[in-house]
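Below is a briefing on one structure, grouped by topic. Please read it alongside the sequence and the coordinates.

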Amino acid sequence: MRAVFEFTKLGAAAYMSHLDLVRALQRALRRVKAPVAYSQGFNPHMHVSFATALSLGVQSRCELFEAKLLAPVSPDALKDALNKTLPEGISIVSCVLWENDGPALTSFVKFASYEATLTQPDAAQKIDTLLASDELIVQKKSKKGMKDTNIRPMVREMSLAGDALHLVLTHAETGALKPELLFDAMGLAAQNVTRTGLLNEVDGQLVPALEGGRA
Amino acid sequence: MTIRQRIEPLLLKVEKPARYVGGELNQIVKKDAKLRFAFCFPDNYEVGMSHLGIKILYHAINARQDYACERVFAPWPDMADLMRENDIPLFSLETHSPVGEFDIVGFTLQYEMSYTNVLTMLSQAGIPWKWSERGEDAPLVVAGGPCTCNPEPVADFFDLFMLGDGEESIVQLMDMYKESREKGEDKKTFLRRMAKLTGYYVPMFYKASEDFGAVTPLVDDVPAVIDRAMIEDLDTAVYPDKFIVPNTEIVFDRVVLEPARGCTKGCRFCQAGYIYRPARERSVDKLLGLADSLLSSTGYEEISLSALSTGDYSCLHELTSQLVKRYQGDHVSVSLPSLRIDSVVKDALVDISRVRKSSLTFAPEAGTQRLRDVINKGVNEEDLARSVTDAFEAGYTNIKLYFMLGLPTETDEDLVGIAKLASKVRWLFYRIPFEERKGNLKLGASASTFVPKPHTAFQWVGQTPLDEVMRRQGVLRDAMKFVKGASFSWHEPYTSFLEAVFSRGDRHLGKVLARAVELGCRFDSWSEYFDYDKWMQAFSDCGIDPKTYAQREIALDAPLPWDHINYGVSKAFLRREYEKALEAATTGDCRQGCLGCGITKLLKGGCPTCAQYSSSQN
C-alpha cells in the first residue's frame with residue numbers, strides 16, 4: 001500500500017531546498033505517527049519518493065510524493081493530521097491510496113505547467129520569436145556534462161496575457177526543462193514562478209499526472 | 001512595505017535564503033506582547049539554531065504570556081551587504097521587526113571570536129555601540145553566556161551582563177524592567193537597582209584599572225564582587241517541551257536533552273568545568289518526559305544527550321536503555337557527545353548502537369600520563385584502551401580523538417605521545433578478530449591550541465608563542481605520519497592567539513574591538529572571513545601589543561580584571577591547583593569527597609554533588 005500525496009510549496013516554503021522539503025515531510029509523517037515503512041540496513045530511512053524535485057525559489061501548487069505504508073490508513077484523516085502540523089507554505093491538497101506494485105510516481109510525469117509574472121515590455125515579442133522558430137540552443141547539463149541542447153522542442157506551450165505567463169514544458173525522466181533555464185536563454189526576468197501542474201499525456205491530451213496513471 | 005516584503009527580491013540573490021524567512025514549525029509569534037526581547041546569536045542561522053541555550057531561554061521568556069522573545073541571527077555577509085545597500089535594518093525572524101524597536105536586545109557570548117559580530121549586529125540594528133552613547137530611546141542591551149565570566153573586553157558595549165544560569169535571571173530582568181518602565185524611571189535608575197541584585201554586572205558603575213588590574217566600584221552601593229546566578233535544582237528548572245524545527249539544514253538538528261550541568265573532574269584547563277559548578281542532575285523520569293514531548297512535537301529521529309561529562313551522569317545506563325526501549329521501534333537513535341574515557345559507558349554504548357551508529361569522540365587531551373596529570377585529566381592508557389575496545393566491540397568503527405597543543409610544561413616527548421596513543425587505538429581495533437569487526441577503522445586525531453582561560457587553574461599562564469605552536473604542530477604532524485590510516489587535523493593558531501588575548505583581556509581592549517570592526521572584521525570564527533592582518537592593524541592603531549595579553553605570565557598574587565566576577569570557585573583553590581599542576585600532582589573527583597573549591601558559598605542548600613556539606617579550608 002502506498003499513500004500518494006499532492007501538496008503545495010508556497011510562500012516561505014519556496015526557500016526550502018528539495019532535501020529540506022523531503023526532511024520536512026518525513027518529520028511531519030513522524031509527528032502524526034503515520035505507519036510509513038523504513039528501509040533496512042545500516043542507516044534506515046523512511047520510504048518516501050518524489051515525482052520530481054523543485055528548484056529553490058520556485059513555488060508549486062501541485063507537487064507529488066508517495067510514502068510506502070505498513071498498514072492502511074484513512075487518506076482524509078492523514079491529510080488533515082498532516083495539515084495541522086506542516087510548516088508554513090506546505091499543505092497537502094489530496095491524499096489517495098494506491099497499490100504498491102506499479103510504476104513509480106516519476107513515470108507518470110511527462111510535462112509540467114507553470115505560471116509567472118513578466119513585466120518587461122519586450123516579453124511578448126520574445127515569446128513570439130521563440131514560438132516561430134525551431135531552435136533555441138543552450139548549454140544544458142546531461143549525464144556526460146554540459147552539452148549544447150536544443151530546448152525549443154521542450155517548450156510545448158507558452159503564452160502571455162498581460163503580464164501573466166502560462167508555460168508548459170517537457171518534464172520526463174529522459175529530460176526536463178527548468179523554467180529558469182528557458183528564461184535565462186530568452187533574456188526574460190520572471191517573478192513569482194509557480195508550478196501549476198504535473199502532467200501526463202494520454203491520447204495526445206494533457207491530463208494531471210495522478211489521473212493519467214491511476215494504478 | 002514591510003521588511004518581509006523588502007527582502008523578497010534579495011532572497012534569491014543570497015546563499016540559503018531560508019536563513020532570513022522564518023515561519024518554522026514551533027516558532028512563537030506574539031504580536032501584542034507587553035515587553036519584547038530580541039535574542040541575538042552573533043553567528044549565522046545554522047550555528048545559532050544548533051545552540052541549546054537559546055532554545056531554553058526562548059522558551060523561558062515566551063512561557064510568560066505578556067513577554068515575547070524573537071530570534072535574531074547574524075546575516076551572512078552576502079545578505080548583510082545587500083541589506084546595507086537597501087537600507088534594511090537587522091530584523092527578527094518571528095515578525096521581521098527591526099531589532100532597534102525591541103525593548104531589550106540580548107546577546108549570548110559563547111566565544112570571543114563572535115565579538116566582532118556583536119558590534120556589526122548593533123550597527124545593523126542602528127543601535128550605538130557604547131552604553132555611554134545610547135539614550136533613553138535605545139533598547140536595553142544585555143549579554144549572557146560563558147564569556148561573561150570575564151566581560152571586561154566588551155564592558156563598554158553592554159548595559160548589563162547576566163552571570164551564571166540564565167533561566168530565571170532573564171525573566172527576572174524582564175519583570176524588573178517592565179516595572180521600572182511602568183513607573184517611568186530612566187534606564188540609569190533601573191540599572192543601579194539591578195546592579196545590587198545577585199547575578200547582574202552593570203559595567204557603568206565600575207571602573208577599570210589603568211594597567212592590567214582589578215575593576216572597582218565607582219559608587220558605594222554596588223557590590224565589589226558580583227556573584228553569579230545559580231539554579232540549584234535542575235529537575236525543576238524550566239526546559240523546553242518543543243524545539244523550533246528549522247526549514248533548512250543546520251549544524252545539529254535533533255532533540256537535545258540536558259541530563260546534567262557542571263562537572264566534578266577539575267581538569268585544570270577547562271573553564272566550563274569550573275564555571276558551571278556544582279554538578280547537578282536531572283532525573284531520568286523528567287528526561288524521559290521531555291524526550292517524549294520533544295519527539296512528538298518535532299518528528300526528529302535523533303536524541304542527543306548534552307552535558308559536560310555525560311559519562312558521569314549517575315543514571316546514564318538507565319536513561320539510555322529506557323530511551324532505546326521506548327523509541328528504537330520508531331527509528332530514533334541516541335547519540336552521546338565527547339565521552340570521558342574513564343567513565344563506564346559500555347552498557348550505554350551497546351544500547352544506543354542498536355539503532356544507528358555515528359562516530360564516538362574521546363578527549364585524552366595530552367599524549368603522556370605526565371602531561372595528563374599536569375592538566376588533571378584523570379585518565380590513563382588502560383582507561384582509553386578499555387573504552388575504545390568497548391566501543392569497537394559494540395560495533396563502532398569511527399573514532400575521533402581530541403588533543404591540545406601548547407599545554408603548560410609540554411615537551412616534544414608529549415607530542416610524540418599523541419601519535420603513540422593513536423597508534424595504540426589502531427592496534428586495539430585490528431586486534432579484534434576480523435569476523436567481529438564491523439568494517440574498517442576510521443580514526444581521526446585533532447589538536448587544538450591551548451588558550452589559558454580566566455577562572456581556571458591556568459589563568460596565570462601565558463599562551464605558547466605562535467611560532468613555537470607551529471613548530472610543535474610540525475612535530476606532531478611528522479609523528480602522525482607513522483600512524484597508518486589515521487587522519488590528523490589542526491588549525492592555524494591565529495584565531496587561538498586572538499582568543500587568548502580577549503579571554504584574559506581587560507576593558508582597554510574595547511577600543512581594539514571597535515577598530516577591528518571598523519576595519520571590516522566579522523565572522524572571525526569562519527576561516528573564509530577571518531582577517532589576521534586587519535586585526536593586527538587594529539591593535540597597532542590602538543597602540544596595544546596583543547602579545548602582552550596572550551602571553552602574559554601573571555603573578556599568583558596579582559589582582560585580576562575578572563576578580564570582581566564570582567563564579568564560586570575560589571582563587572585560593574585555583575592557586576593550589578596550579579601549584580599541584582607544576583608537580584604533576586593530580587586532584588580527584590569531588591564526587592568522592594569535597595575538595596573545598598568554594599562553590600558551597602553560593603548555594604542555599606548543600607552542594608548537590610556532595611552527599612555531605614562541609615566547610616573546608618579555603
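In which helix of chain B is Phe429(B) found? Phe429(B) is in helix α14, residues 412–431 of chain B; helices (H or I, at least four residues) and strands (E, at least two) are DSSP runs, numbered from the N terminus. This is a predicted model, in which local features need pLDDT of at least 70 and side-chain atom pairs count only at pLDDT 80 or more, while totals for chains, interfaces and linings use all residues. Residues are numbered from 1 along each chain as its sequence is written, chains are lettered from A and ligands numbered from 1 in the order in which they are written, and side-chain values use heavy atoms, with hydrogens and water left out.

- Leaving aside neighbours within four places in sequence, Phe429(B) is in contact with Phe392(B), Tyr396(B), Thr397(B), Arg437(B), Gly439(B), Asn440(B) and Leu441(B), where contact means heavy atoms within 4.5 Å.
- From Phe429(B) to Ala391(B) the C-alpha distance is 9.6 Å, and the two are 38 residues apart in sequence.
- Thr320(B) belongs to helix α10 (residues 316–327) of chain B and, at 0% relative accessibility, counts as buried.
- The backbone oxygen of His317(B) is reached by the side chain of Thr320(B) at 3.2 Å.

**Interface of chain A and chain B**

- On the two sides, 18 residues of chain A are in contact with 29 residues of chain B.
- The chains bury about 2000 Å² between them, 52% of it on carbon and sulfur atoms; buried area is the accessible area (1.4 Å probe) that two parts lose on being put together, summed over both.
- In chain A, the residues that lose the most area to chain B are Tyr15(A), Arg27(A) and Arg30(A), together 36% of what that side buries.
- Three salt bridges are counted between chain A and chain B (a side-chain nitrogen of Lys or Arg within 4 Å of a carboxyl oxygen of Asp or Glu).
- Arg30(A) forms a salt bridge with Glu301(B), with the closest N and O atoms 3.5 Å apart.
- Helix α1 (residues 18–31) of chain A gives the most to the side of chain A that touches chain B, with five residues.

**Aromatic pairs**

- Over all chains, the structure holds 30 aromatic pairs; rings of Phe, Tyr and Trp (its six-membered ring) pair if their centres lie within 6.5 Å, and planes under 30 degrees apart count as stacked, over 60 as edge-to-face and the rest as tilted.
- Phe5(A) and Phe65(A) are stacked, at 4.6 Å centre to centre and 15° between the planes.
- Phe5(A) lies in strand β1 (residues 2–9) of chain A and Phe65(A) in strand β3 (residues 59–68) of chain A, so this pair ties together parts 60 residues apart in sequence.
- Phe5(A) counts as buried at 0% relative accessibility, and Phe65(A) is buried with a relative accessible area of 0%.
- Tyr177(B) and Phe190(B) have ring centres 4.8 Å apart and planes at 55°, so the pair is tilted.
- Tyr177(B) is in helix α6 (residues 166–182) and Phe190(B) in helix α7 (residues 187–195) of chain B, 13 residues apart.
- A cluster linked by ring pairs holds Phe107(B), Phe158(B), Phe161(B), Tyr201(B) and Tyr206(B).

**Salt bridges**

- The count over all chains comes to 54 salt bridges.
- Glu112(B) and Lys453(B) meet in a salt bridge at 3.4 Å, N to O.
- Glu112(B) lies in the loop between β3 (104–108) and α5 (115–125) of chain B and Lys453(B) in the loop between β17 (442–449) and α15 (466–480) of chain B, so the pair ties together parts 341 residues apart in sequence.
- Glu302(B) forms a salt bridge with Arg254(B), the closest N and O atoms being 3.1 Å apart.
- Glu302(B) counts as partly exposed at 24% relative accessibility, whereas Arg254(B) at 18% counts as buried.
- Lys265(B) and Asp589(B) form a salt bridge at 2.9 Å, N to O.
- A network of salt bridges links Asp165(B), Glu167(B), Arg228(B), Glu258(B), Arg261(B), Arg280(B) and Arg282(B).

Key: Buried means under 20% relative accessible area, exposed over 50%, partly exposed in between (1.4 Å probe, protein chains only). A polar contact is a pair of N or O atoms within 3.5 Å; within protein, one must be able to donate a hydrogen and the other to accept it, and residues adjacent in sequence count only if both atoms are side-chain atoms.
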